[in-house]
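Please look through the structure below with the text beside it, taking one part at a time. The paragraphs go from packed helices to sheets and then to single residues.

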Amino acid sequence: MKKFFLLFTLVVASISSCFAQIVAPIKWTSALEMTSDTEGVVLFKASIDKGWHLYGMNLPEGGPRSTVFSFNDVEGAELIGEVTPSVAPIEKVDMVFHLKLSWWENDVTFRQKFKITSADKACRIAGTIAYQGCNDETCMSPSKEQFDLTHGEPAASASAATTDSVLPTASKTEATHEASDNVSSDEWWTSVNFDKFNSEGAAEERISDSSWWKIFIWGFVGGLVALLTPCVWPMIPLTVSFFLKKSGSRSRSVRDALIYGAAIVVIYLTLGLAITMIFGASKLNDLATNAVFNLLFFALLVVFAISFFGAFDIKLPSRWSNSVDNQAEKTSGILSIFFMAFTLALVSFSCTGPIIGTLLVEAASMGNVTGPAIGMGAFALALAIPFALFAMFPSMLKEMPRSGGWLNSVKVVLGFLELALSLKFLSVADLAYGWGILDREVFVSLWVVIFILLGMYLLGKIMFSHDAPLDYVSLPRFFLALASFSFSIYLIPGLWGAPLKGVSAFVPPLYTQDFNLYEGGEFRAFHDYDEGMKFAAEQGRPVLIDFSGYGCVNCRKMEGAVFDTQEVSSIIKENFVLITLMVDDKKELAEPMTVEENGKKVVLETIGDKWSYLQRSKFKANSQPYYVMLDNNGSPLNTPYYYDEDVAKFVNWLEKGISTYSGQ
């Protein structure tokens, strides 16, 4: 076991080291193709890795960087029209930027027509492609790809560079700063490595990532909740009756019960995988942030909640379940057991549907098929274990409470919970369209009211039409009411901007709060690397660099879920100098700079180009969000930190950096 764990640790360590490499998910090829003696087309093909997307052309200001084709040198030819893509991009309203964005998820080819004007039929077309790509977890820095294409005899060489300003690899910036303690900016730009930290336990920190465990636990809890629904509970005596008819030897009863439990798991797992395969994990993740889908899911959960409150019943056509049930009676052996498990899935759908749908959407946010498989497997396991036990030991049924008023109460409680959960999906649509109808304090207010009403219902102060009179309050109802009222009180400070870390994944972000007395997340940040490093050296403080971008969705998520918390903001204020560098800042430098990178000379024209080059040359990385801590010599204090909204993990990472700095 120890050997297996060591091997697993090494594998994860090697994977984690890959995160620090340059990300190149989009590769370009260009070619010049003649369509006649005097006309032709320039072809630019973008090969996009699975799970990534290339942002579209002509995006609005304030969003990610558009894909732009610049033809800097056109000799012996003239361009005809504009650059056109082979397929139209996907268009969607982004809930973070409140902008309509476009992108391509699969390979795409761009065409630019031209006409030869030179007498010798020779031409030269050269320029750059500016672009940016993202996936569900990270964004690459805005990048440029150069192209230089000729037809016929090569035209005259391009003119010399417009500037002699050169920024070498261990470079100087346009305004060199002299820092205290004899530290020069040259040292601050020197490349670094994180090998010593990787050997000291970075792999173990990666192993502790509990995303899959969280999905498994949520799925298992969902299965246990489904057991208590009025659609599933009546299936218990039906299951026992079915297996009593098939009873034979003790060993056969145990075998049939295990097959029954396995069949339930297989059916639900197949359902989850089938939905994921049909739509794709990335498509399900797109649905999770799609405004129209979230509105539909909001309406669905509200309808189910109203049904659970007793307004009407939602049932699948009875002939479906009856047909499957008849097949279970007619067939024999393993096939009959499978049909019985399928009957359970059909009959319970009206109660388990919202649970399964929510689980699949949340699990798909992992961006691959693993999340939905784990979630549905855990859900089915929780559902299968009790039924397998009842099938194995029918006498257990005698100890179970019979259906009655308590089961209806469970149904109403689920109605309240679904009503509360529906607001999360409405919030996503509200953010996407920028309606502003469900700001954070409105959302929290509604939750406070819902859970107060739930507590009152559990105490018998609210009754619905199909509820039986409550003679007394049982201990389970009392403690559930106590939990509901306590949760409401916990939510109330959120009306004034408290972070509510326990439910931060559900409530809207803090920036939607109109009335905010909370000061978390507000601290001074430098936006120039050398100025920030100089100030840190003078103050004797470590540096926290935040490589971010205006077009980085996950950067905004980290700011809202991690940086805006009181715990993290306090540590940064008291211990660090924060330097936030936007790698897609389009402001032009006072003077272009030339650097040598991978044997090529690259011209840095914007502030974003400069910070992107710093990240590539010093840290060998080009994805955002990307966080790194440095001492006053520009040396790292810990491994880099990537996108992970676990506040406790981020705090632990910061504290290790502080400890390393103090020990120097």
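**Helices, sheets and single residues**

Helix α14 (residues 440-458) and helix α15 (residues 475-491) pack with their axes 8 Å apart and at an angle of about 160 degrees. Helices (H or I, at least four residues) and strands (E, at least two) are DSSP runs, numbered from the N terminus, while axes are lines fitted to C-alpha atoms, for helices over the stretch in contact, with angles that run from 0 to 180 degrees between N-to-C directions. The helices α14 and α15 are therefore roughly antiparallel to each other, given that angles under 35 degrees count as roughly parallel, over 145 as roughly antiparallel, 65 to 115 as roughly perpendicular and the rest as oblique. The crossing of α14 and α15 is left-handed, a term used if the near helix is turned anticlockwise from the far one by less than a right angle, with right-handed used if clockwise. On the α14 side, the residues that make the contact include Val444, Trp447, Phe451 and Leu458, and on the α15 side they include Arg477, Leu480, Phe485 and Leu491; contact here means heavy atoms within 4.5 Å. By class, the residues in the contact of α14 with α15 are 14 nonpolar, three polar and one charged, where Ala, Val, Leu, Ile, Met, Phe, Trp, Tyr, Cys and Pro count as nonpolar, Asp, Glu, Lys and Arg as charged, and the others, Gly among them, as polar.

This is a predicted model, in which local features need pLDDT of at least 70 and side-chain atom pairs count only at pLDDT 80 or more, whereas totals for chains, interfaces and linings use all residues. Residues are numbered from 1 along each chain as its sequence is written, and side-chain values use heavy atoms, with hydrogens and water left out.

The crossing in which α18 passes α20 is left-handed. Glu567, Val568, Ile571, Ile572 and Asn575 of α18 make the contact together with Val647, Phe650, Val651, Leu654 and Ile658 of α20, and these divide by class into eight nonpolar, one polar and one charged residues.

The strands β14 and β19 belong to an open sheet of four strands, in the order β13-β15-β14-β19 and with mixed pairing; two strands pair if DSSP finds at least two bridges between them. At the edges of this sheet are β13 (525-526) and β19 (626-630), each of which pairs on one side only. Strand β14 (residues 543-548) and strand β15 (residues 577-582) pair in the parallel sense over six bridges, and Ser548 stands opposite Met582 in β15.

Another open sheet has three strands in the order β4-β9-β12, and its pairing is antiparallel. Its edge strands, each pairing on one side only, are β4 (68-75) and β12 (143-151), and neighbouring strands of this sheet are turned by 15 degrees against each other on average, direction ignored. Between β4 and strand β9 (residues 123-131) the antiparallel pairing extends over seven bridges, and Phe69 stands opposite Ile129 in β9. Ile129 is also one of the residues touched by Ser143, along with Ala130 and Tyr131, not counting residues up to four places away in sequence. Ser143 has its place in strand β12 and, at 16% relative accessibility, counts as buried, a term that means under 20% relative accessible area, with exposed over 50% and partly exposed in between (1.4 Å probe, protein chains only).

Asn58, in the loop between β3 (53-55) and β4, has a positive phi of about 60 degrees although it is not a glycine, and at 74% relative accessibility Asn58 counts as exposed. Lys121, which is found in the loop between β8 (108-116) and β9, is likewise a residue other than glycine with a positive phi, near 65 degrees, and at 41% relative accessibility Lys121 counts as partly exposed.

One further residue is found in a helix. Leu224 has its place in helix α4 (residues 211-227) and counts as partly exposed at 37% relative accessibility. Leu224 and Ala384 are 160 residues apart in sequence, and their C-alpha atoms are 9.8 Å apart in space.
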